[in-house]
Amino acid sequence: QAQLVESGGGLVQPGGSLRLSCAASGILFRIYAMGWYRQAPGKQRELVAVITSGSSANYADSVKGRFTISRDNAKNTVYLQMSSLKPEDTAVYYCNADWSTRVYWGQGTQVTVSS
């Protein structure tokens with residue numbers, strides 16, 4: 001029933017910008033906290049940013065000041081604006097929806113930062 005679909009990943013040069021989108025369906029979007037996670041080769045999956053149903057946001061220290069998470073409840077979509085990208089940002093980025101015991105994940109989108 002629930003589905004999360006990420007888009008916007010790709011190849012970008014260091015210092016560049018990229019905007020990821022995650023479109024949700026099959027859930028009451030407005031009540032869910034939405035998050036972005038990432039997993040690099042050989043690394044554990046880590047939280048990048050989360051935004052609550054009230055639109056308050058928290059970020060990993062490694063991306064604070066460079067990334068911005070936002071949501072549009074009318075479009076059932078959460079965004080991750082990434083700026084000043086570094087090679088260490090290279091990873092598969094996953095969208096997450098979380099409400100109480102209900103948790104859903106997207107399929108992931110690849111972000112590669114390289115010259």
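Of the 28 residues in the largest nonpolar core, the ones touching the most other members are Met34, Trp36, Leu80, Met82 and Tyr93. At least two residues of this core come from each of S3 (18-25), S4 (33-39), S5 (46-51), S7, S8, S9 (91-99) and S11 (109-113). Keep in mind that this is a predicted model. The protein chain has 11 strands and zero helices.

**Overall build**

- Walk along the sequence and the pattern reads β-β-β-β-β-β-β-β-β-β-β.
- The radius of gyration is 13 Å, close to the 13 Å that the globule rule gives for 115 residues, so the protein chain is as compact as a globular protein of that length.
- The C-alpha trace spans about 40 × 25 × 25 Å along its principal axes.
- Buried residues account for 37% of the 115 in the protein chain.
- Take the contacts with a separation of 6 or more: 54% of them involve residues 24 or more positions apart.

**The core and Met34**

- As a rule, nonpolar side chains in soluble globular proteins tend to be buried together.
- Met34 is one of the core members that touch the most others.
- Setting aside neighbours within four places in sequence, Met34 is in contact with Leu4, Phe29, Ala49, Val50, Ile51, Ile69, Arg71, Val78, Cys95, Asn96 and Ala97.

**The four-stranded sheet**

- Four strands make an open sheet in the order S1-S3-S8-S7, and their pairing is antiparallel.
- S1 (3-7) and S7 (67-72) sit at the edges with a single partner strand each, so one side of each has no neighbour in the sheet.
- From one strand to the next, the twist averages 15 degrees.
- S7 and S8 (residues 77-82) run antiparallel and are joined by six bridges.
- Within this part of the model, Ser70 stands opposite Tyr79 in S8.
- In general, strands of a sheet pair through backbone hydrogen bonds, in either a parallel or an antiparallel way.

- The side chain of Arg38 makes a polar contact of 3.0 Å with the side chain of Asp89.
- A polar contact of 3.4 Å also links the side chains of Arg38 and Ser62.
- Leaving out neighbours within four places in sequence, Arg38 is in contact with Gln44, Arg45, Glu46, Val48, Ser62, Val63, Phe67, Glu88, Asp89, Ala91, Val92 and Tyr93.
- Tyr93, in that contact list, is also among the core residues that touch the most other members.

- Most residues other than glycine have a negative phi.
- Asn76 is not a glycine, yet has a positive phi of about 50 degrees.
- Look for Asn76 in the loop between S7 and S8.
- With 25% relative accessibility, Asn76 counts as partly exposed.
- Ser84 also has a positive phi, near 50 degrees, in a residue other than glycine.
- The loop between S8 and S9 is where Ser84 is found.
- Ser84 is partly exposed, with a relative accessible area of 43%.

How values were computed: Residues are numbered from 1 along each chain as its sequence is written. This is a predicted model: local features need pLDDT of at least 70, side-chain atom pairs count only at pLDDT 80 or more; totals for chains, interfaces and linings use all residues. Side-chain values use heavy atoms; hydrogens and water are left out. Two strands pair if DSSP finds at least two bridges between them. Axes are lines fitted to C-alpha atoms, for helices over the stretch in contact, and angles run from 0 to 180 degrees between N-to-C directions. A nonpolar core is a set of buried Ala, Val, Leu, Ile, Met, Phe, Trp, Tyr and Cys residues joined through side-chain atoms within 4.5 Å. Buried means under 20% relative accessible area, exposed over 50%, partly exposed in between (1.4 Å probe, protein chains only). Contact means heavy atoms within 4.5 Å. A polar contact is a pair of N or O atoms within 3.5 Å; within protein, one must be able to donate a hydrogen and the other to accept it, and residues adjacent in sequence count only if both atoms are side-chain atoms. The radius of gyration is taken over C-alpha atoms; the globule rule is 2.2 Å times the number of residues to the power 0.38.
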